[in-house]
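Keep the viewer open as you read.

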Amino acid sequence: MKFNVILLLLISTFLVNCTSKNVKSDLVFRYNEHKNIGSLDPVFSKDIADIWATNQLFNGLVQMDDQMNVIPSISKSWTVSKDGITYTFKLRNDVSFHKHKIFGKDSTRNVVASDFEYSFSRLLDKKLASPGSWVLQKVDAFKSLNDSIFEIKLKQPFPAFLGLLTMKYCSVVPKEIVEFYGNDFRSNPIGTGPFKFKRWEENLKLVFRKNPDYFEKDENGKQLPYLEAVSITFLPDKQSEFLQFAQGNIDFVSGLDASYKDEILTASGTLRDVYENEVNLIRGPYLNTEYLAFYMDSEIPEMKSELIRKAVNYGFDRDKMMIYLRNGVGIPANGGFIPKGLPGHNESIGFDYEPQKAKELVNRFKRETGIQNPSITITTTSNYLSFCEFIQREIQKTGLMVNVDVIPAATLKDAKANGKLDMFRASWVADYPDAENYLSLYHSQNFAPNGPNYTHFSNEQYDEWYKQAFEITDISERAILYSKMDSLVMEKAPIVVMFYDEVLRFTRKNVSGLGINPINLLDLKKVRKK
């Protein structure tokens, strides 16, 4: 196994340094994707690895800036009808697909509205079975009115819809190329993005080259992108990836892995002195809430008891947990389920560390039920065992016995969806930047396995507010209602919110313009290398 890792390191180093004889290394952005890439077809861009890659190759009607504002992309403007049902997009006339011989004489052609009609129909094609078809579930109809006007009608008002359209699932693809390649479009992608596909040696190397005909320009009128190429390797573990970064063989590492967190960061979350002159650290809020969930339909008395659920919430120090286990990276969750950075987040509705109150709640449960040795079992994966063991040690001081069960990620995913776990560790990363995405987890019509309500939380008042939110187009009004909904969830305590994650990016000092955003989208069109 060690030999295989060393061999992969040698191969990847060779490939990184040999992207192209015609491209200067200081114009090539190099990173590793340890989770591999399944497809370069945007309709299958479910995982972050695929999304990062397809984001360099494809565009949609709209896109997200680093402040989570929806801004133009291939559509230069749009209007929304007063009833919030009809969206009308006016397209740019200077966007062309990457060159390919199938296009004929000019080896390319401009994007027109019928391309979006085809791309959206393809996304909904049941034979294709895209994991992103749900993005259009609130859409009633869509059509091209002419080459430059594309219209979408919703079944009901949905203020977060523009955010959904920024997802890579909604990228435009050319019909003639897709039909030519069929299933092989996954490895022969043709889009409109700042980079174009060059070469893919699966499990070893993926190369994109600059699109010289890209339509976007910077604020000074200079054409994007600045880089000449993107080179992606596939070392299978984070430790090997970090080694390559430390040696200067790749330019960028995302996230903080246990294998190197103490090597590069101090306990307070700052760069260690040895890296200060070579590495940039970029950090910011990440729309990811890490939590423990109780299954509300459980027959176990401890799970049914609001006293026990609140005791767990009060019974451990989130600040201490972040310092000891995350080197200060992450925001202790003393608010609700909606993470910091989204309208509707409220820091005052959660739980503080109150061990005495936790003990009182456990003792009250013992008196009221006659159960003198109450216990709970937290099911988790090995990656989060340290967090669950920290909570276990703290909560047992209250008189509540805590067991920790470690199972494979795939097993946990299936079991939580089918109501087979009484309590489990989970996380929710935003698909789109609206708190409705988080609050949908507590709507009674979204019970798993047919929806994301894994706790089976149900409350009539909550459901009524959830419906009302779709009728409110004013962002500030909607945020007030979102906060009320989140507060109600926290009052009933079907979950234990542990922390809101942070995006953490390490780059070499010669890299600039990478930026950071709360959905951790990798955007390379404005990146420079010295």
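At what angle do helix α15 and α16 pack, and how far apart are their axes? This is a predicted model, so keep that in mind throughout. In it, helix α15, residues 460–469, packs against α16 at about 160°, and the two axes are 10 Å apart.

## The α15 and α16 pair

An angle like that makes α15 roughly antiparallel to α16, since anything over 145 degrees counts that way. As for handedness, α15 passes α16 in a left-handed crossing.

The largest share comes from α16, with three residues.

The pocket's volume is about 600 Å³. Its lining runs to 25 residues, and the ones nearest the centre are Pro 159, Ala 160, Asp 434, Ile 475 and Arg 478.

## The α9 and α11 pair

Next, find helix α9 (residues 306–314) and helix α11 (residues 355–369). Their axes come within 8 Å and cross at roughly 160°. With the cut-off for roughly antiparallel set at over 145 degrees, α9 and α11 therefore fall in that group. The crossing of α9 past α11 is left-handed.

From α9, the contact draws on Leu 307, Ile 308, Lys 310, Ala 311 and Tyr 314. From α11, it takes in Pro 355, Lys 357, Ala 358, Leu 361, Val 362, Arg 364, Phe 365 and Glu 368. By class that comes to nine nonpolar residues and four charged ones, with no polar residues.

## The α10 and α12 pair

Helix α10 (residues 318–326) packs with helix α12 (residues 385–395) at an angle of about 140°, and here the axes are 11 Å apart. Why are these two described as oblique? Roughly antiparallel needs an angle over 145 degrees and roughly perpendicular covers 65 to 115, so α10 and α12 end up oblique to each other. Their crossing is right-handed.

The α10 residues in this contact are Lys 320, Met 321, Tyr 324, Leu 325 and Arg 326, and they meet Ser 386, Phe 387, Phe 390 and Ile 391 in α12. Six of the contact residues are nonpolar, one is polar and two are charged.

How many cavities of 30 Å³ or more does a search of the whole structure find? The search turns up three. The largest cavity holds about 50 Å³ of space.

To see what surrounds the largest cavity, select Met 64, Asp 65, Asp 66, Met 68, Asn 517, Ile 519, Leu 521 and Asp 523. That lining has four nonpolar residues, one polar and three charged.

## Backbone details in the loops

Two cis peptide bonds are worth a look. One runs from Leu 224 to Pro 225, with omega near -5°, and Pro 225 sits in the loop between β9 (205–210) and β10 (229–233). Another joins Ala 448 and Pro 449, where omega is about 10°.

Finally, go to Asn 36. This residue is not a glycine, yet its phi is positive, at about 70°. You'll find Asn 36 in the loop between β1 (28–32) and α2 (48–57).

How values were computed
Residues are numbered from 1 along each chain as its sequence is written. This is a predicted model: local features need pLDDT of at least 70, side-chain atom pairs count only at pLDDT 80 or more; totals for chains, interfaces and linings use all residues. Side-chain values use heavy atoms; hydrogens and water are left out. Axes are lines fitted to C-alpha atoms, for helices over the stretch in contact, and angles run from 0 to 180 degrees between N-to-C directions. Helices (H or I, at least four residues) and strands (E, at least two) are DSSP runs, numbered from the N terminus. Angles under 35 degrees count as roughly parallel, over 145 as roughly antiparallel, 65 to 115 as roughly perpendicular and the rest as oblique. A crossing is left-handed if the near helix is turned anticlockwise from the far one by less than a right angle, and right-handed if clockwise. Contact means heavy atoms within 4.5 Å. Ala, Val, Leu, Ile, Met, Phe, Trp, Tyr, Cys and Pro count as nonpolar, Asp, Glu, Lys and Arg as charged, and the others, Gly among them, as polar. On a 1 Å grid over the protein atoms alone, a cavity is a set of points where a 1.4 Å probe fits but cannot get out, and a pocket is an open set with protein on both sides within 12 Å along at least five of seven lines; lining residues have an atom within 4 Å of a point. Grid points are joined across faces, edges and corners, and a volume is the space filled by probe spheres set on the points.
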